[in-house]
Amino acid sequence: YSSCPGGAALGEACNLGSMPGTFTTPISGGVLCNGGNWSSNENSTFYSFTADDFTGSLEIENIICNDGTNGNSQFGVWTSCAAIGTYGAGFLGCAVGTSSISLSPLVPGQTYYIAADGFAGDNCAWGFTGTGIVLPVEMAEFDAVHTGREVELDWTTASELNNDYFIVQRTLDGIEFENIGKVSGAGTTQKRTSYSFTDYQPFKGTSYYRLKQVDYDGRFKYSEVRTVKDPTSNGKVIATYNLLGQKVDLSYRGMVVDLYDDGTTVKRIQN
């Protein structure tokens, strides 16, 4: 795909001519970005990165839209939240689909903003890599699995900026969380990094886990919450599926998802 303005392929654009909408908050996974416009705001998310060189590039990869059936996404980079949607000095570039946006000139140490949007209402997921930039901590995966005795938590970051550590938290009521462990972060890296933690004394019944990621300067943010159900507790499993959504029986070995009679679903390892 070509980048734009001035280079968009036929039938593609960065919504430069659409009716603008004003953003006040991102969807999960981004940063708060008040002010500015991005011309299509059905399901937009904002990200920030810090420059570590005078020139760089942003690579958009692995776009999956509408559960893998079809669709596209668009991306733009600006020098500030207030500049989003303008196409003057604060605009660095934009693209549709898997592509590369050239970033120049950059000021090392300065923060820049990415607006990402499902093109024409598409519901999409994507990944970023780049040169000359450092992305903040971006959670790629977070899973919690009850083995029948303990709860195994595994998570992966796509990139990290000033990541000091993670606090593992759990709760029974989904409101009051307690700290149960601490895992050191990788600091600053653009490589995928994997982590794990084991809760050897999990709650009985249904419990909830989340991660509190803390920067060196004390700033923090929370992950999404994962639900875990003790397979030995009360509750009836009415169906079991593999990760492809296929119904399986007790002879199946590996990761499965149990569907309970109360409508909850829980991942576990079936040996």
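I looked up Tyr-222 to begin with, and at 39% relative accessibility this residue counts as partly exposed, a class that lies between buried (under 20% relative accessible area) and exposed (over 50%), taken with a 1.4 Å probe and protein chains only. This is a predicted model, in which local features need pLDDT of at least 70 and side-chain atom pairs count only at pLDDT 80 or more, while totals for chains, interfaces and linings use all residues. Residues are numbered from 1 along each chain as its sequence is written, and side-chain values use heavy atoms, with hydrogens and water left out.

I then searched the whole structure for aromatic pairs and found six; rings of Phe, Tyr and Trp (for Trp the six-membered ring) pair if their centres lie within 6.5 Å, and planes under 30 degrees apart count as stacked, over 60 as edge-to-face and the rest as tilted. One of them joins Trp-78 and Phe-91, a tilted pair at 5.5 Å centre to centre with 45° between the planes. Trp-78 lies in strand E6 (residues 73-78) and Phe-91 in strand E7 (residues 91-96), so this pair ties together parts that are 13 residues apart in sequence. I note that Trp-78 is buried at 0% relative accessibility, and that Phe-91 is buried with a relative accessible area of 14%.

Returning to Tyr-222, I found that it forms an edge-to-face pair with Phe-220, at 5.6 Å centre to centre and 70° between the planes. Phe-220 is partly exposed, with a relative accessible area of 45%. I also recorded one aromatic cluster made of Phe-142, Trp-155, Phe-166 and Tyr-195.

Next I looked for charges over rings, for which NZ of Lys or CZ of Arg must be within 6 Å of the ring centre and within 35 degrees of the ring normal. Arg-170 lies over the face of Phe-203, at 4.1 Å from the ring centre, and the charged end of Lys-182 sits over the ring of Tyr-165, 4.2 Å from its centre.

Last, I traced an open sheet of three strands in the order E8-E5-E10, with antiparallel pairing; strands are DSSP runs (E, at least two residues) numbered from the N terminus, and two of them pair if DSSP finds at least two bridges between them. The edge strands, each pairing on one side only, are E8 (100-103) and E10 (124-131). How many bridges join strand E5 to E10? I found seven, with E5 spanning residues 56-65 and the two strands running antiparallel, and I noted that Ile-60 has Phe-128 in E10 as its bridge partner.

Technical notes:
Helix = DSSP H or I, 4+ residues; strand = E, 2+ residues; numbered from the N terminus.
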